[in-house]
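Here are a few notes to read alongside the model. Keep it open and find each piece as you go.

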Amino acid sequence: MSKDHILTLSCPDKRGIVHAVTGVLAKHDLTVLDLQQFSDPDYSQKFFMRVHFGHADQTSQLDQPFKELAGDLNMDWNIVPKSHKPKVMIMCSKTGHCLNDILFRHKTQQLNINVPLIVSNHPDFEPLAKSYDIAFHHLPVTKDTKSEQEGRILELVKEHNIDLIVLARYMQVLSPTLCSAMSGKIINIHHSFLPSFKGAKPYHQAYDRGVKIIGATAHFVTADLDEGPIIEQRVSRVDHSMSSKELVEEGSNVESQVLASALKWWSEKRVFLNGQKTVVFN
């Protein structure tokens with residue numbers, strides 16, 4: 001696996017892309033181990049592809065041919081070792097099930113990521129962070145200090161070379177400034193099956209409506225609240241006998257599963273932004 005790599009690319013759709021890309025790999029005596037592709041003729045007219053290839057000690061020999069191909073195809077592309085672990089900052093507030101789940105999966109190597117730090121606007125989960133030997137930054141926030149607090153978040157992103165921020169039930173609305181600075185690099189878990197029940201207390205909204213299913217949604221964050229491109233969704237059946245508290249408890253399990261899946265797929269380079277949608281090779 002240490003000699004395996006992942007190539008991801010997107011470009012305007014046209015004939016011959018797969019042939020051209022795999023031809024470069026074949027020319028350099030590399031083997032395609034797995035290939036997934038998607039052409040979107042109706043929405044974006046774009047082509048997306050993920051290629052798992054091997055076996056190479058390094059890939060610098062591919063730089064020039066892929067730069068030339070990118071120029072011909074107007075193509076965005078990237079190659080990383082399959083073993084590469086992106087750096088993830090986790091942010092949370094006072095609800096900890098998603099945080100705890102990610103940390104456990106990280107510790108047991110179910111998630112191929114590095115977690116150098118946790119940021120929270122409350123101090124509650126500092127002991128949990130310490131138990132995993134992860135730095136914890138308590139950054140309280142008020143309406144008057146939001147700009148300063150988010151400025152510190154961006155400083156931490158730069159200091160630690162963070163690739164992704166995960167909002168693991170971080171119960172603050174991010175400013176457009178932060179959303180713009182980390183565009184495409186923030187994933188949130190929303191505790192409802194979007195687009196239903198946006199905003200605060202979605203389980204209580206669902207309870208008041210007497211729904212028969214509840215769900216959770218992992219999505220990229222944009223300046224429009226709970227409107228970002230959706231990565232993963234799942235649901236759980238509920239019934240009339242359940243209280244709003246029981247809906248919250250049932251939903252917490254779904255939230256953890258959905259966020260973990262979205263994070264795993266992102267870390268494996270399986271998630272592509274496609275306008276207001278995503279392409280996910282899961």
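Which residues of α3 are buried?

1. Ground rules. This is a predicted model, where local features need pLDDT of at least 70 and side-chain atom pairs count only at pLDDT 80 or more, while totals for chains, interfaces and linings use all residues. Residues are numbered from 1 along each chain as its sequence is written, and side-chain values use heavy atoms, leaving out hydrogens and water. Helices (H or I, at least four residues) and strands (E, at least two) are DSSP runs, numbered from the N terminus.

2. The open sheet. Look for four strands in the order β2-β3-β1-β4, with antiparallel pairing; two strands pair if DSSP finds at least two bridges between them. The edges are β2 (31–40) and β4 (76–81), and each has a single partner strand, so one side of each has no neighbour in the sheet. Strand β1 (residues 5–12) pairs with β4 over six bridges, in the antiparallel sense. Along the way, you'll find Ser-10 opposite Asp-76 in β4.

3. Gln-36. This one sits in strand β2. Gln-36 counts as buried because its relative accessibility is 18% (buried means under 20% relative accessible area, exposed over 50%, partly exposed in between, with a 1.4 Å probe and protein chains only). Its side chain makes a polar contact with that of Arg-270, at 3.4 Å (a pair of N or O atoms within 3.5 Å; within protein, one must be able to donate a hydrogen and the other to accept it, and residues adjacent in sequence count only if both atoms are side-chain atoms).

4. Inside α3. Back to the opening question: Cys-98, Leu-99, Asp-101, Ile-102 and Leu-103 are the buried residues of α3. They pack against several elements, including β5 (87–92), β6 (114–120) and α8. Just after α3, Gln-109 has a positive phi of about 60 degrees.

5. α3 meets α8. Helix α3 (residues 97–107) packs with helix α8 (residues 244–267) at an angle of about 45 degrees, their axes 9 Å apart. Axes are lines fitted to C-alpha atoms, for helices over the stretch in contact, and angles run from 0 to 180 degrees between N-to-C directions. The two helices are therefore oblique to each other (under 35 degrees is roughly parallel, over 145 roughly antiparallel, 65 to 115 roughly perpendicular, and the rest oblique).

Definitions and conventions. Contact means heavy atoms within 4.5 Å.
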